[in-house]
Amino acid sequence: MSDMFAWMYSDVVKDHFMNPRNVFSPDENFSYDAEGITGSVKCGDQMQFMLKIKDDVIEDVRWRTYGCASAIASTSMLSDVVKGMEIKEAYSIKPNDIAQKLGGLPDNKIHCSVLGDKALRAAVDDYLVKTGREGLFRNEGTKVICTCLNITDRDIEEAVKAGARDWEGLQERTKIGTVCGGCKKEGEELLHEYVHIFA
Amino acid sequence: MDRRPVYLDYNATTPLHPVVKDTMIADLDLYANASSMHEAGRRARARVEASRAAVALLVGAGADPEQIIFTSGGSESNNTVFATMFHLGRKGPRKGIVTTAIEHPCVLNSARWLQSEGFPVTFVGVDDHGRINLDELQAAVGSDTLLVSVMAANNEIGTIQDMAAVSRIAKAAGAWLHTDATQAVGKIPVDVDSWGVDYLTMSCHKLYGPKGIGALYLRKGAPLEPLIRGGHQEHGHRAGTYNNIGIFGFGTAAELALAELPAYAARVTALRNRLRDGIAQKIPKARINGHPVTVLPNTLNVSFPGAEGESILLYLDLAGIHVSTGSACASGSLEPSHVLLATGVGPELAHGSIRFSLGRDTTEAEIDYVLQQLPPIIARLRAMSTIEA
């Protein structure tokens with residue numbers, strides 16, 4: 001706790017915030033094969049990834065972020081981590097993986113500021129479309145939320161992107177929680193998070 | 001710069017005035033219970049009453065010092081008024097509560113509490129400078145209105161309300177009028193009579209006094225239900241042993257605030273304008289929020305499109321400059337400043353807002369240091385941003 005009072009975030013976050021790695025600069029003429037963007041000005045955080053890919057391996061990466069310190073730091077950290085990584089593996093990275101590498105983040109920050117994984121997935125999806133493999137990783141790294149109907153976090157994300165805004169709307173699109181209903185709490189939390197990010 | 005940090009968050013709280021500090025230290029041993037009949041108690045009581053007179057004088061109630069009730073601070077004063085309305089509304093025909101969309105959370109949440117108890121509550125909007133929409137207020141106030149509560153000056157953008165105009169509307173309808181003057185007292189002249197208010201909230205730590213002490217002005221004849229019941233202190237309005245040292249500190253702070261007000265206002269206005277003009281000149285597309293003229297002399301709220309507030313705040317923090325932001329990230333909620341949103345500023349500008357609040361210790365060198373540090377921070381954040389400035 002004393003570290004958190006000494007500075008708001010961990011030393012790693014502070015370092016990445018003060019010295020962000022792989023930031024996009026227009027002067028550099030960075031050429032890239034795919035890009036992805038997520039978040040919105042309205043929610044206060046937006047991230048963009050630009051990837052140079054060869055043989056399905058991320059060779060180099062640049063990013064831009066509008067957001068708070070943990071948004072900047074988490075995107076910077078993620079950009080370091082994915083260099084040299086296969087796109088399939090990169091697709092499975094979770095916000096908690098990034099938070100862990102950063103030496104921890106306050107809970108509320110993990111949900112609202114760690115959008116880098118989603119921007120990264122959007123960039124990989126962009127690459128898959130460009131190489132004629134649209135949707136190849138659709139089930140990569142997903143977590144089943146509704147065990148009765150095998151509905152994943154990705155399904156919830158897609159439903160929100162397609163217009164679901166509340167639990168009833170989500171159920172209309174996915175049938176989530178219509179059998180035992182035990183997933184409602186977790187499902188609603190994800191719904192709330194995705195509505196904030198994508199709506 | 002040889003003096004760090006540069007503290008520009010005086011609307012959050014202020015350091016002790018050196019004279020207040022000296023007085024409090026000298027008074028630390030005045031331990032006697034000011035309710036006691038013996039000599040030591042009477043001596044403490046005399047100091048309590050002298051402090052009460054000083055606080056009364058500061059808000060134009062010098063003729064009626066007994067109308068000042070000491071509380072633990074602004075939140076308690078506000079809560080006392082709303083609790084009083086709860087009791088009145090349950091028994092009487094009037095139940096309507098009318099307040100504004102830009103109040104401090106303390107008033108907003110008190111109003112929401114009454115709403116949850118079945119009281120009809122209206123949150124009147126403000127214009128793009130943060131001034132209450134008087135036509136909307138007029139339309140909201142009627143024969144069923146119990147209380148009108150309008151803050152005198154806003155903590156985030158500094159906009160000052162026309163309390164006399166608000167009073168005419170409230171009084172014509174026969175409603176009680178409360179103002180949260182926490183940010184106004186000590187920064188601008190405050191006068192309970194020309195403002196025409198029945199209740200006025202103040203907090204000592206905003207005017208270079210200690211925390212944990214505040215006051216409520218109560219007009220003669222205005223009802224009051226104690227929030228804290230117990231002994232007979234404060235004419236039965238607020239029980240609890242007198243907070244000697246806090247009250248003495250408040251008295252001294254009030255005396256000094258009144259005496260220093262003209263010089264203070266002139267000084268911080270000049271420094272605030274220097275900061276405002278410097279930012280406008282050095283940082284493209286910076287947007288000044290709040291009212292250009294009818295604003296607290298020490299307050300400057302600016303939005304920087306393309307840069308997010310928490311990041312700006314923390315880069316400034318690393319440069320030894322302390323400010324606050326209306327960004328959602330800093331609030332712990334998902335929504336940015338309700339005040340800026342109410343003035344019609346979009347979410348992006350609200351997320352990218354910084355409040356600079358100056359004080360009696362602020363120097364020109366500090367302002368120039370900020371003007372040197374801030375532009376490259378904004379430029380850097382904009383360069384790595386997905387959002388065009």
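This is a short tour of chain B, to follow in your viewer. Keep in mind as you click along that the model is predicted.

**Stop 1: the two domains.** Colour chain B in two parts: domain 1, made of residues 6-15 + 261-383, and domain 2, residues 18-256. Taken over C-alpha atoms, the centres of these two domains of chain B are 28 Å apart.

**Stop 2: where the domains meet.** Next, select the contacts between them: 24 residues of domain 1 of chain B touch 25 residues of domain 2 of chain B. On the domain 1 side, look for strand 10 (299-303) and helix 11 (338-342) of chain B, each of which supplies at least two residues. Helix 11 of chain B gives the largest share of that side, with three residues. Colour this side of domain 1 of chain B by class and you will find seven nonpolar, 15 polar and two charged residues.

**Stop 3: strand 5.** Now move to residues 145-149 of chain B, which form strand 5. Is this strand enclosed or open to the outside? Five of its five residues are buried, so strand 5 of chain B is largely enclosed by the rest of the structure.

**Stop 4: its neighbours.** Pick B:Leu147 in strand 5: B:Ile97 stands opposite it, and its bridge partner in strand 6 is B:Trp176.

**Stop 5: the crossover.** Finally, bring in helix 6 (residues 163-172) of chain B; together with strands 5 and 6 of chain B, this helix makes a right-handed β-α-β unit.

Conventions
Residues are numbered from 1 along each chain as its sequence is written. Chains are lettered from A and ligands numbered from 1 in the order in which they are written. This is a predicted model: local features need pLDDT of at least 70, side-chain atom pairs count only at pLDDT 80 or more; totals for chains, interfaces and linings use all residues. A residue is buried if 20 or more other C-beta atoms lie within 10 Å of its own, exposed if 12 or fewer, and partly exposed in between; C-beta atoms are placed from the backbone. Helices (H or I, at least four residues) and strands (E, at least two) are DSSP runs, numbered from the N terminus. Two strands pair if DSSP finds at least two bridges between them. A crossover is right-handed if, with the strands pointing away from the viewer, the path from the first strand over the helix to the second runs clockwise. Domain bounds come from an automatic or database domain assignment. Two residues are in contact if their C-beta atoms, placed from the backbone, lie within 7 Å. Ala, Val, Leu, Ile, Met, Phe, Trp, Tyr, Cys and Pro count as nonpolar, Asp, Glu, Lys and Arg as charged, and the others, Gly among them, as polar.
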